[in-house]
Amino acid sequence: MDPFEPAIIAFVCNWCTYTAADLAGTSRLSYPKNIRLIRVMCTGMVDPQYVIKAFLEGADGVLISGCHPGDCHYINGNYKARRRVKLLKEILPRFGIDSRRLRLTWIGASDGIQFAGIMGDLVAQTRELGPALPDLKMVI
Amino acid sequence: MTQAIHIDIKNEDWLSGIRSFFTTVMEKAGIDAILIPTRLSVKNRIMPTLVSDPARLAEADPLSPAFPVNGAQQLAKLTRLPAGGKMAAVLRPCEIRAFNELVKLNQGKRDDVVIFGVDCPGALSNSDFRTFADQHETPDAATRAFCAAAFSSDPIHENLTLTSACRSCDHPTPDGADIAVALFGTDSTKGLTARAHTEMGETVLTGLDLPPAEAVPPQQKTVIAAMLKQRKQYRKQMFTAVEDATGSIHGLSTYLADCVNCYNCRVACPVCYCTTCVFTTDTFCHEPFQYLQWARRKGGVKMPTDTLFFHLTRMAHISTACVGCGQCTNACPNDIPLSDLFSFVAHHTQGAFGYGAGLDLSQQQPMCGFEKEEYGEVVGLN
């Protein structure tokens, strides 16, 4: 049997983390292919339902990543994201979705090296957690 | 300024006393209309009614166990813009809490409405109320029978099937009202007390020309304390049962297995206020090939899809504003105990943010603000 390869959905902000991903790419750094980036304009627009939908459709982990506090292009979107992550971490673990499967990080536009490193760590951690919903026979 | 007044009660008849009190309020406090649970003219059923003719208060019944809709939604419709007149509303404590949440969300205003609250022993589900009401000769008799049982010295109410939301409610007194009418621990042979909780309430009571309140009955505190103890115990058991049943996505799916995606719970929810909910848009009206792809991937796909997604999203969107009124369970055509589940989640999400839905108008909703430095534990990979 093939080793478990987690699927991770990452909502990354246009101004910082996406730019960092771009920098990682242009710097020819590699990071695991398990990460599926979804570019959003700001982490402040990531509705909790995006995260919920990702898990219910089979994601083993979800990352929300944006600008460092104080650096948000829209002034305070990342603070709003942090509250929503706090909220989701209260809800999802009650229904068996491990809190460690949802991550929030701040990765600035110039942090290309950090981006690649964090993606590697995230995949390793999620791989250790195993599949999120292994026994679900259907989309529900 | 008058802080509390005495409501005269004759022949232990609370219902008539309350009606005549609200008639006085309408006549003397310059109230143009009052939103109050009132009997329909066509049948012995009760709905919040905006009454402008004091004579119609003969049909008002704020003591009935009927709780067909959460009145907060109706009051928001009346107060979102200036109505051109002074209004009052008689609400249950959970309706007041829900209205406070709506006010914070700019869906209604408290400035032009005097809110009266009445001590609430609990309510029956819509179907239980229909059975209960039809067992009695007259609507008044039904309400009196309910009051006799619900406010008896034995607070167990074995003979009443109050909803689980009500049995687990730990805020049965209308603390957020402008004027609160106390019923718990009251000697039914004596009168009732209406107490002002706000400046607006004091102004209204001052203008009524009613005698000042008598001393608070000594047993009031103990009756309320005994009831709260019992309800907290029920609440604890309820939470444990929900926790045991829904500890995994599989468990949650089992709990919600009877859901048919009718979204009645969302319609009935007083704090689910978006005029266009994402679930009524075409956002999740997927392309046919998408369903086929899901079916192929998993071997089969339940239709309608997105059931769990809907409920989890609702938990994320409104659990911090949930007041535990139980209307979601009441509205469910398939008898899913949604209110137990949502109260359980709300207890934890509100606890995480140190928030109590509807209790304090000045407290900001958790999702409507932020601090620059907070919740560092949710950031990073550790």
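**Chain A fold and the largest pocket**

In chain A, 82% of the contacts (heavy atoms within 4.5 Å) with a separation of 6 or more link residues 24 or more positions apart. The model is predicted, with local features needing pLDDT of at least 70, side-chain atom pairs counting only at pLDDT 80 or more, and totals for chains, interfaces and linings using all residues. Residues are numbered from 1 along each chain as its sequence is written, chains are lettered from A in the order in which they are written, and side-chain values use heavy atoms, without hydrogens and water.

Chain A contains four helices and four strands, defined as DSSP runs (H or I, at least four residues; E, at least two) numbered from the N terminus. Their order from the N terminus is β-α-β-α-β-α-β-α. Of the 140 residues in chain A, 55% are buried, that is, under 20% relative accessible area with a 1.4 Å probe and protein chains only. The C-alpha atoms occupy a box of roughly 40 × 35 × 20 Å along the principal axes.

The largest pocket has a volume of about 530 Å³; a pocket is an open set of points on a 1 Å grid where a 1.4 Å probe fits, with protein on both sides within 12 Å along at least five of seven lines, and lining residues have an atom within 4 Å of a point. The volume is the space filled by probe spheres set on the points, joined across faces, edges and corners. Of its 26 lining residues, B:Tyr273, B:Cys274, B:Ala316, B:His317 and B:Ile318 are the closest to the centre. Two or more lining residues each come from helices H2 (48-56) and H3 (77-91) of chain A and helix H12 (307-318) of chain B. H12(B) supplies the largest share, six residues.

Terms used: Buried < 20%, exposed > 50% of the residue type's maximum accessible area, 1.4 Å probe, protein only.
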